[in-house]
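Student: Could you walk me through this one? I'd like to learn how to read it piece by piece.

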Amino acid sequence: WTIRYLSNDGQELVEEIGLVRGKVNAPFRFTFIGLDASSWKAVRELSFNFEPHIWERLFLDAQFLLPEVGPALTLAIAAIETATDEMIRQQLPNDPAKVERLRRANRLGQRLDEVAKQLTGVSLRQTPALWDAFNRLRRARNASAHEGAPTLDGVRVDDQVALQMILAVRPVIDWIETWLPPNLRSHRDLYQPQWEWRSPVHSAPPPSTSS
């Protein structure tokens, strides 16, 4: 936003040293990525033709789409869905027809619950924290798609809440990947950088006193 100070008749004020004729506010966001020696070593060990899996790209794109909340939630759900479908394919490598039947006959929640239990013996629902994270994201995405606004329990989801919801389903994707062969699991950097932000503090001089 911009504020302009004008004279009583709406004209620009004459420039005077020490005074302002306007103010501007331009907020922005930025992201730090911390890499240490182990991070660079992992990068160098990747093949020249390396490409991240589709669910990895979707998950990252969901975060960078913010503050567009609706599309970001949709991409996050798509990341879970593509990983889930790959898990089903890996569990039934010799029966593509059955894979397609399971995909068509079951919604995403059912694939993570009944279908996953049928194929692996374990359901995502058996881990309440992961199921709740998935379910919250699913409900907010559905509200955005069907009602035109992302809401959860009657409260509108802003970009900060959406980011928290998206990050909360990363463990869901990790859970799905435990049923994938190692070459199909995400390449995660275990290094956790610690950032420290320092800024000088300016204080006004003490008021002068008359003797």
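This is a predicted model: local features need pLDDT of at least 70, side-chain atom pairs count only at pLDDT 80 or more; totals for chains, interfaces and linings use all residues.

Student: How are helices H3 and H5 oriented to each other, roughly parallel or roughly perpendicular?

Tutor: Start with the numbers: the axes of H3 (residues 69-91) and H5 (residues 108-120) come within 11 Å and cross at roughly 25°. Angles under 35 degrees count as roughly parallel. So the answer for H3 and H5 is roughly parallel.

Student: Is Asp85 buried or exposed?

Tutor: Asp85 sits in helix H3. Setting aside neighbours within four places in sequence, Asp85 touches Arg103 and Arg111. Its relative accessibility is 6%, and the cut-off is under 20%, so Asp85 counts as buried.

Student: At what angle do H3 and H7 cross?

Tutor: H7 covers residues 159-168, and its axis comes within 10 Å of the H3 axis.

Student: How many of the eight residues of helix H8 are buried?

Tutor: H8 runs over residues 170-177 and is largely enclosed by the rest of the structure. Its buried residues pack against H2, H3, H5, H6 and H7. They are Arg170, Val172, Ile173, Trp175, Ile176 and Glu177, so the count of buried residues in H8 is six.

Student: Which residue has a side chain joined to that of Ser39 by a polar contact?

Tutor: Ser39 is in helix H1 (residues 37-45), and at 3% relative accessibility it counts as buried. Leaving aside neighbours within four places in sequence, Ser39 is in contact with Asp189 and Tyr191. The side-chain polar contact is 2.9 Å, and the partner of Ser39 is Asp36.

Student: How far apart in space are Pro71 and Arg107?

Tutor: Pro71 lies in helix H3 and is partly exposed, with a relative accessible area of 40%. In sequence, Pro71 and Arg107 are 36 residues apart. In space, going C-alpha to C-alpha, they are apart by 20 Å.

Student: What is omega for the peptide bond from Leu66 to Pro67?

Tutor: Pro67 belongs to the loop between H2 and H3. The bond from Leu66 to Pro67 is cis. Its omega is near 15°.

Student: Last one: what is phi of Asp153?

Tutor: Asp153 is in the loop between strands S3 (151-152) and S4 (155-156). With a relative accessible area of 61%, Asp153 is exposed. Asp153 is a residue other than glycine with a positive phi, near 55°.

Definitions and conventions. Residues are numbered from 1 along each chain as its sequence is written. Side-chain values use heavy atoms; hydrogens and water are left out. Axes are lines fitted to C-alpha atoms, for helices over the stretch in contact, and angles run from 0 to 180 degrees between N-to-C directions. Helices (H or I, at least four residues) and strands (E, at least two) are DSSP runs, numbered from the N terminus. Angles under 35 degrees count as roughly parallel, over 145 as roughly antiparallel, 65 to 115 as roughly perpendicular and the rest as oblique. Buried means under 20% relative accessible area, exposed over 50%, partly exposed in between (1.4 Å probe, protein chains only). A polar contact is a pair of N or O atoms within 3.5 Å; within protein, one must be able to donate a hydrogen and the other to accept it, and residues adjacent in sequence count only if both atoms are side-chain atoms. Contact means heavy atoms within 4.5 Å.
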